[in-house]
Amino acid sequence: MSAPETIAEILDRATAAYAGLAATGETIEDEWSYVNDLTEAWRARLAEVAAARGAEPAGAAGPAVGRAIDEIGRISDPHRAIDWLSTFPQVVLVALGEGL
Amino acid sequence: MRFQDAAKDARTVVYAAIQAEPLVARAADLLAAATPAERVLARAVMNGETTDPDGWRVTFPTLFDPALPSAARERAEAILALSLEVAERGDQVRSQVRGAIVEALTERLLVRRVGAAAVRRERRILFDGVRAEIHPYDLTVEKPGAAEAWDCKWGARGIGPDVLHQLHDARTHAAAEGEKLLAGLVIFDAARSCRVRLARQTAPRDGIGVATIETLSRLGGGAPAGGKG
């Protein structure tokens, strides 16, 4: 039987998916800097959570983040990707019971 | 400083029909009483690619936990159902509906604080010797000595130089007339994203208020019935 997934592991998956979303968003040339600054700001917030709670079992947040990753995996429109660069980390944080 | 109705053009007539949709009013009522996490649910679903309610319940376990009080779960269910109605619209319409919801939500909150008589939609602010602005403010509070002007945006990306200049100029002109005007943005997005967006702007932004998903309820003068926010 495998060990239950930890918060650090789901945040690793979330961060990898988030990088893919950023790659879609940064194809809007005028928003390149905003996309990168936004991505950096939210990565830092997720890293804070990983540092504080990484070893905890993910529980229901595991399937939640998996579902959110599936949601952003469907996005091909770069404008919508930019919207989700803000929304996705918020969803992850709410799933973990964290403040924004 | 005085307030004036904006002229109605074809765009405003079309948009007025969207603003008048019962869906917009229901969303505003629900979101005015929502917690920040519930507002994130609305934002995600209304922005979403998928419209399967069970999938969204899995995505937000802290809002649909059976151990929660029934009132909280019922509110989350109502927000989910309504947000799915928005998501099921075509792309262009849902974008308009989302914008109208943020405006209607802001109106609810302002009315809660200052009363319905003082809150107006789509108004211009005129100053002596200053050419009138092209775009009206989404919401104004028209109280002597305590006037306010608010522009509403669905996301942080809506923050740009035009709106910042307009709000800043309005404050400056009001001050030149010895009037107090609180000018600000209501952004249905997280404060962190708004800070990132604002940091990139060269337009003046000192003194401009920004209400976000986390702080929206302060527009209404306090915490919502649903919890912190």
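Two residues are in contact if their C-beta atoms, placed from the backbone, lie within 7 Å. By this criterion, in what is a predicted model, 27 residues of chain A are in contact with 27 residues of chain B. Three helices of chain A, namely α2 (32–53), α3 (61–73) and α4 (78–95), each contribute at least two residues to the side of chain A that touches chain B. The greatest contribution to that side comes from α4(A), which provides nine residues. Sorted by class, the side of chain A that touches chain B comprises 16 nonpolar, five polar and six charged residues.

The fold of chain A may be considered next. Its secondary structure consists of four helices and zero strands, and the pattern along the sequence reads α-α-α-α. The radius of gyration of chain A is 13 Å, close to the 13 Å that the globule rule gives for 100 residues, so chain A is as compact as a globular protein of that length. Along the principal axes, the C-alpha atoms of chain A fill a box of roughly 45 × 25 × 20 Å. Of the 100 residues in chain A, 46% are buried. When contacts in chain A between residues at least 6 apart in sequence are considered, 82% of them join residues at least 24 apart.

Two packed helices are described by the angle between their axes and the distance between the axes. In chain A, the axes of helix α1 (residues 7–25) and α2(A) come within 10 Å and cross at roughly 175 degrees. Angles over 145 degrees count as roughly antiparallel, and α1(A) and α2(A) are therefore roughly antiparallel to each other. On the α1(A) side, the residues that meet α2(A) include Ile7(A), Leu11(A), Tyr18(A) and Gly25(A). Among their counterparts in α2(A) are Val35(A), Arg43(A), Leu46(A) and Arg53(A). The residues of this contact between α1(A) and α2(A) divide into 10 nonpolar, three polar and two charged.

Attention now turns to chain B. Its domain assignment gives domain 1, formed by 2–6 + 116–220, and domain 2, formed by 10–95. Taken over C-alpha atoms, the centres of domain 1 of chain B and domain 2 of chain B are separated by 25 Å. Five residues of domain 1 of chain B are in contact with six residues of domain 2 of chain B. On the side of domain 1 of chain B that touches domain 2 of chain B, three residues are nonpolar, one is polar and one is charged.

How values were computed:
Residues are numbered from 1 along each chain as its sequence is written. Chains are lettered from A and ligands numbered from 1 in the order in which they are written. This is a predicted model: local features need pLDDT of at least 70, side-chain atom pairs count only at pLDDT 80 or more; totals for chains, interfaces and linings use all residues. The radius of gyration is taken over C-alpha atoms; the globule rule is 2.2 Å times the number of residues to the power 0.38. A residue is buried if 20 or more other C-beta atoms lie within 10 Å of its own, exposed if 12 or fewer, and partly exposed in between; C-beta atoms are placed from the backbone. Ala, Val, Leu, Ile, Met, Phe, Trp, Tyr, Cys and Pro count as nonpolar, Asp, Glu, Lys and Arg as charged, and the others, Gly among them, as polar. Domain bounds come from an automatic or database domain assignment. Axes are lines fitted to C-alpha atoms, for helices over the stretch in contact, and angles run from 0 to 180 degrees between N-to-C directions. Angles under 35 degrees count as roughly parallel, over 145 as roughly antiparallel, 65 to 115 as roughly perpendicular and the rest as oblique.
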